[in-house]
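Colleague: Thanks for sitting down with me over this one. Could you walk me through it, with the cut-offs as we go?

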Amino acid sequence: MRQEEQFTELYNQYASGIRKLCLGYTGDAMLAEDLLQESFVKVWKNMDKFRGDAAWSTWIYRIAANTCLTHLRKKNEQFVDADEERLAMIPDDERNKEQEVQLLYKCISKLAETDRLIITLVLEDKPYEEIAEITGITENNLRVKIHRIKKQLSEIYNSYERL
């Protein structure tokens with residue numbers, strides 16, 4: 001298979017999940033789209049270096065996570081912004097599903113870096129074995145972390161409901 005064909009296949013297969021991962025890190029749809037593109041540029045440039053030690057998905061998700069982390073560290077961005085305040089002001093009955101999804105990703109962006117990666121991969125229905133490989137932690141530790149992350153995410157989400 002030619003590199004262009006393989007890249008297109010990989011992009012079609014993983015872009016949606018990587019977009020959600022980037023959204024989980026940033027809480028900003030436009031920035032997430034930029035980071036998605038940046039991640040796949042890196043995939044394209046480094047495809048010849050892929051050794052096959054891990055699955056393509058593991059390799060691509062790791063590139064995307066590192067891209068997000070690098071961006072966040074460079075910019076030292078604060079995630080509290082006008083959008084967050086605006087979402088909190090929207091009454092429950094006016095929220096539609098898309099707004100709920102946006103709020104969820106805003107909440108995810110409040111988590112610690114590794115926790116963002118883990119919960120985004122869980123939302124993508126990635127098997128625990130693959131998530132453990134991507135994050136570099138054991139499956140047992142992963143299960144404990146996921147439980148704690150869900151509890152923390154629920155608390156963050158509920159804090160918006162009280163506003």
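Modeller: Buried means under 20% relative accessible area, exposed over 50%, and partly exposed in between, with a 1.4 Å probe and protein chains only. This is a predicted model, where local features need pLDDT of at least 70, side-chain atom pairs count only at pLDDT 80 or more, and totals for chains, interfaces and linings use all residues. Residues are numbered from 1 along each chain as its sequence is written, and side-chain values use heavy atoms, leaving out hydrogens and water.

Colleague: Is glutamate 33 buried, exposed or partly exposed?

Modeller: Its relative accessible area is 28%. The class between under 20% and over 50% applies, so glutamate 33 is partly exposed.

Colleague: Which residue does the side chain of arginine 19 meet in a salt bridge?

Modeller: A salt bridge is a side-chain nitrogen of Lys or Arg within 4 Å of a carboxyl oxygen of Asp or Glu. Helices are DSSP runs of H or I of at least four residues, strands runs of E of at least two, numbered from the N terminus. Arginine 19 sits in helix H1 (residues 3-26), and its partner, 14 residues apart, in helix H2 (residues 29-46). At 2.8 Å, N to O, that partner is glutamate 33.

Colleague: How many disulfides does the structure hold?

Modeller: A disulfide is a pair of cysteine sulfur atoms within 2.5 Å. The sulfur of cysteine 68 has its closest cysteine sulfur in cysteine 22, 3.6 Å away, which is too far for a bond. Cysteine 68 is also buried, at 0% relative accessibility. The number of disulfides in the structure is zero.

Colleague: Glutamate 130 is buried yet has no salt bridge, so which side chain of opposite charge is nearest?

Modeller: Glutamate 130 lies in helix H7 (residues 128-135). Contact means heavy atoms within 4.5 Å, and, leaving aside neighbours within four places in sequence, glutamate 130 is in contact with Ser57 and Thr58. For charge, Lys and Arg count as positive and Asp and Glu as negative, with His and the chain ends not counted. The nearest side chain of opposite charge, 4.1 Å away, is lysine 126.

Colleague: Last one: how many helices does the chain have?

Modeller: From the N terminus on, the elements run α-α-α-α-α-α-α-α. There are zero strands, and the number of helices is eight.
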